[in-house]
Amino acid sequence: MPITGQTRIVGIFGDPITHTRSPAMQNAAFRVCNLPYVYVPFLVRPAELARAVQSIRALNLVGVNVTVPHKERIVRHLDTLSTEAELCGAVNTIVNRNGELFGDNTDGRGFLASLQEQGFSPRRNEVILIGAGGSARAVLVSLIRAGCKQVTIVNRTWANAQSLVRIYRSVGKTRLEALSLEALRDPELLQNAALVINSTSVGLHGEEFPPLAYEATPRTCVFYDLLYRPDLTSFLKPAKKARRPAYDGRGMLLHQGALAFTLWTNIPAPLATMSRALSQALRRST
């Protein structure tokens, strides 16, 4: 699309930001929908976050995505939040509504949409969620709202997992339990699991994942890593070896971006176009 006086700006705030694949899929979507929008990355240092948020209004940006390390800290600078963003305590998408900044979190819904794409529903199922950080919160909220039967939160620091149990046990009817990382060795923990999720960064740089009783899970148990890499992570490799369904985080990345696109434009996202653009961007990065 040519840059003209009618061009509108959408962006992404993060630090670092050079790794982002969102511009490729969002700009492809704007082009195919013939929208006069352009999506650009903005390096925003933590100390400059408040001023960066004000710039959304000052420059009349359509909105922005928000990535690490700003998802939680940016909440206090916004005017209104979606129910999901309030529950998560984090925002990954901002919409500028005539100067009022609305914050939403599409990560969890994007995660669920990617599971649905694979024919899986967490409703009435037992789930193991590894990690207790910001990504875990977004996924946990969506699992509870989707009617999950039980979520066991497993984390290196047990107190952090227990904190999530205290915060979210009254949100829905899902049973919540907190365990330390050593519990993953226990076959009994995994024998009824329908879904095992890694929300930590372990494996991002090739490091070994902690011991986990993969073979104890039902053969239909889905293993899902929120990380996306050109090759299988150390969390997913043993799952594949055990012949369990295994998926990385690119589906979540795609669907959270599609939901953000619709928030900015009020039209359905061209999912196939975004998927192709994302795949091409990931191949170029290898």
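Reader: How many disulfides does a search of the whole structure find?
Author: This is a predicted model, in which local features need pLDDT of at least 70, side-chain atom pairs count only at pLDDT 80 or more, and totals for chains, interfaces and linings use all residues. Residues are numbered from 1 along each chain as its sequence is written, and side-chain values use heavy atoms, with hydrogens and water left out. A disulfide here is a pair of cysteine sulfur atoms within 2.5 Å. The search of the whole structure finds this number of disulfides: 0.

Reader: Which cysteine has the sulfur nearest to that of Cys88?
Author: Cys88 is in no disulfide. The nearest cysteine sulfur is 15 Å away, and it belongs to Cys148.

Reader: Is Cys88 buried or exposed?
Author: A residue counts as buried under 20% relative accessible area, as exposed over 50% and as partly exposed in between, with a 1.4 Å probe and protein chains only. Cys33, at 24% relative accessibility, is therefore partly exposed. Cys88 has 2% relative accessibility, so it counts as buried.

Reader: What is the order of the strands in the open sheet of 6 strands?
Author: Strands (E, at least two residues) and helices (H or I, at least four) are DSSP runs, numbered from the N terminus. Two strands pair if DSSP finds at least two bridges between them. The pairing in this sheet is mixed, and the order is S2-S1-S3-S5-S6-S4.

Reader: Which strands are the edge strands of that sheet?
Author: An edge strand here pairs on one side only. That holds for strand S2 (37-43) and strand S4 (80-81).

Reader: In S6, what is the bridge partner of Arg97?
Author: Strand S5 (residues 93-97) and strand S6 (residues 100-104) run antiparallel and are joined by 5 bridges. Within S6, Arg97 has as its bridge partner Glu100.

Reader: At about what angle does helix H2 run to S1?
Author: Helix H2 (residues 49-58) lies across strand S1 (8-14), strand S3 (63-66), S5 and S6. Angles run from 0 to 180 degrees between N-to-C directions, and axes are lines fitted to C-alpha atoms, for helices over the stretch in contact, where contact means heavy atoms within 4.5 Å. The angle of H2 to S1 is about 170°.

Reader: How many residues of strand S8 are buried?
Author: Strand S8 (residues 150-155) is mostly covered. Gln150, Thr152 and Val154 point one way, while Val151, Ile153 and Asn155 point the other way, and all are buried. The count for S8 is 6 of its 6 residues.

Reader: Which residue of S8 does Ile128 stand opposite?
Author: Strand S7 (residues 126-130) runs parallel to S8, and 5 bridges join the two. Ile128 stands opposite Thr152.

Reader: Which residue of S9 is the bridge partner of Asn155?
Author: S8 and strand S9 (residues 175-180) run parallel and are joined by 6 bridges. Val154 stands opposite Leu179 in S9. The bridge partner of Asn155 in S9 is Ser180.

Reader: Which helix makes a right-handed β-α-β unit with S8 and S9?
Author: A crossover is right-handed if, with the strands pointing away from the viewer, the path from the first strand over the helix to the second runs clockwise. S7 and S8 make such a unit with helix H5 (residues 134-145). S8 and S9 make theirs with helix H6 (residues 158-168).

Reader: What arc do the buried residues of H4 cover around the axis?
Author: In helix H4 (residues 107-117) the buried residues are Asp107, Gly108, Gly110, Phe111, Ser114 and Leu115. The arc is that of the directions from the helix axis to the C-beta atoms. These residues lie on the same side of H4 because they cover an arc of only 160°.

Reader: Which strands do the buried residues of H4 pack against?
Author: These residues pack against helix H3 (83-88), H5 and H9. The strands they pack against are strand S10 (195-198) and strand S11 (222-225).

Reader: Where is the cis peptide bond with omega of about 5°?
Author: Most peptide bonds are trans. A cis bond joins Asp15 and Pro16, with omega of about 10°, and Pro16 is in the loop between S1 and helix H1 (22-32). Pro69 lies in the loop between S3 and S4. The cis bond with omega of about 5° joins Val68 and Pro69.

Reader: What is the phi of Asn266?
Author: Most residues other than glycine have a negative phi. Asn34, in the loop between H1 and S2, has a positive phi of about 55°. Asn266 is in the loop between helix H9 (250-265) and helix H10 (271-284), and counts as exposed because its relative accessibility is 67%. Asn266 is not a glycine either, yet its phi is positive, at about 65°.
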